[in-house]
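I opened this model today with a notebook beside me. Here is what I looked up, entry by entry.

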Amino acid sequence: MRSVLSALNRTAATAWAQPPTTAAMRGPRAAFKFDSICARCRRQQVRSYQNMADDPRWLSVVDNPARIVRTGRKHGPGLIILALIPIISFGLGAWQIQRLDWKTKLISKFEDRLVKPPLPLPSRVDPDAVNEFDYRRVYATGRLRHDQEMLVGPRMREGEDGFLVVTPLERDGGRGTVLVNRGWISRSLEDQKSRAAGLPQGEVTVEGLLREPWKKNMFTPDNKPEDGKFYFPDVEQMAQLTGSQPIWIEQTMVPDMVEAYDRAAKGIPIGRAAEVNLRNNHSQYIFTW
């Protein structure tokens, strides 16, 4: 028995002398070792806080809490601009809503005039009354004065450069002369000799839309009638040059691709369609603002 007990004691002593295994590290001795490391870190933190507290320049957040201080300075221009942006956007959006309502009603009024049968153009037309008949279909009979023809351009159509042909229509019986926008021709047909088919002789009847005079924008240069160059249709100016009434008629035709190609080849001006061509993009502007 004595030899057996001595053997067990030697075995136990050898086992305690070996390094701990993974399972042994999970025991209370390992926990004490890790706790001692954390305690060492805490002691270092406490010493660092004590050193900071001994520094006369160090201020504690507890002893000196944050306070809201009024500086007394006025807001800068950047902050004012940022505050004005939503106000301005709201105002512009409201303005575009009003413009959308106005444009929609205007287009509806013009479309109502288009569906009515054409009226014969009176002998004398009051220019101030044209506004009440804008986009009204009319027709007039007379003789086209090709010798007083005016080409307005450049004007693009389907990627091709050209002109608008403006010809005075001289009516018989002292009914006066009016200006007719006959339509578009290619620049290659600028010379009348190259488009004899587009210069009808004798009495003709022109049907088109009675329109208000055009308004020149700031980017369009002034006309040079002495050189025969017209960049925009100045109705008053053209009427004075040709002895016509300041009445502008845009000749219309049925939209047809084959007819348009045939006219372009023969030099016959391509008239516009009898439709309202006012742009109405105010809905997009509303969402933009």
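This is a predicted model: local features need pLDDT of at least 70, side-chain atom pairs count only at pLDDT 80 or more; totals for chains, interfaces and linings use all residues.

**Entry 1: a surface patch and its helix**

I began with a nonpolar surface patch formed by Leu79, Ile81, Leu82 and Ile85, which together have about 400 Å² of accessible area. A note on terms: patches take residues with over 30% relative accessible area and no salt bridge, joining like charges within 9 Å and nonpolar side chains (Val, Leu, Ile, Met, Phe, Trp, Tyr) within 5 Å. A salt bridge here is a side-chain nitrogen of Lys or Arg within 4 Å of a carboxyl oxygen of Asp or Glu. Accessible areas come from the Shrake-Rupley method with a 1.4 Å probe, and for residues only the protein chains shown count as cover.

Residues are numbered from 1 along each chain as its sequence is written, and side-chain values use heavy atoms, leaving out hydrogens and water.

I found leucine 82 in helix H4 (residues 77–114); helices (H or I, at least four residues) and strands (E, at least two) are DSSP runs numbered from the N terminus. Is leucine 82 buried or exposed? Leucine 82 is exposed, at a relative accessible area of 57% (buried is under 20%, exposed over 50%, partly exposed in between, with a 1.4 Å probe and protein chains only).

The unreviewed UniProt entry annotates residues 77–97 as "transmembrane region"; such annotations may be inferred rather than shown by experiment. I checked that span: residues 77–97 are 100% helix and 0% strand, with end C-alpha atoms 30 Å apart.

**Entry 2: strand pairing**

I followed S6 next. Strand S2 (residues 136–144) pairs with S6 in the antiparallel sense over 8 bridges (pairing needs at least two DSSP bridges), and arginine 137 has leucine 209 of S6 as its bridge partner. S6 also pairs antiparallel with strand S7 (residues 248–251), over 4 bridges.

**Entry 3: two residues up close**

I located threonine 167 in strand S4 (residues 160–170), and threonine 167 is buried, at a relative accessible area of 0%. Beyond neighbours within four places in sequence, its contacts (heavy atoms within 4.5 Å) include Leu144, His146, Val178 and Arg182.

Glutamate 190 sits in the loop between strand S5 (177–186) and strand S6 (203–211). Glutamate 190 is partly exposed, because its relative accessibility is 40%. Setting aside neighbours within four places in sequence, I see glutamate 190 in contact with Leu151, Phe163 and Arg195.
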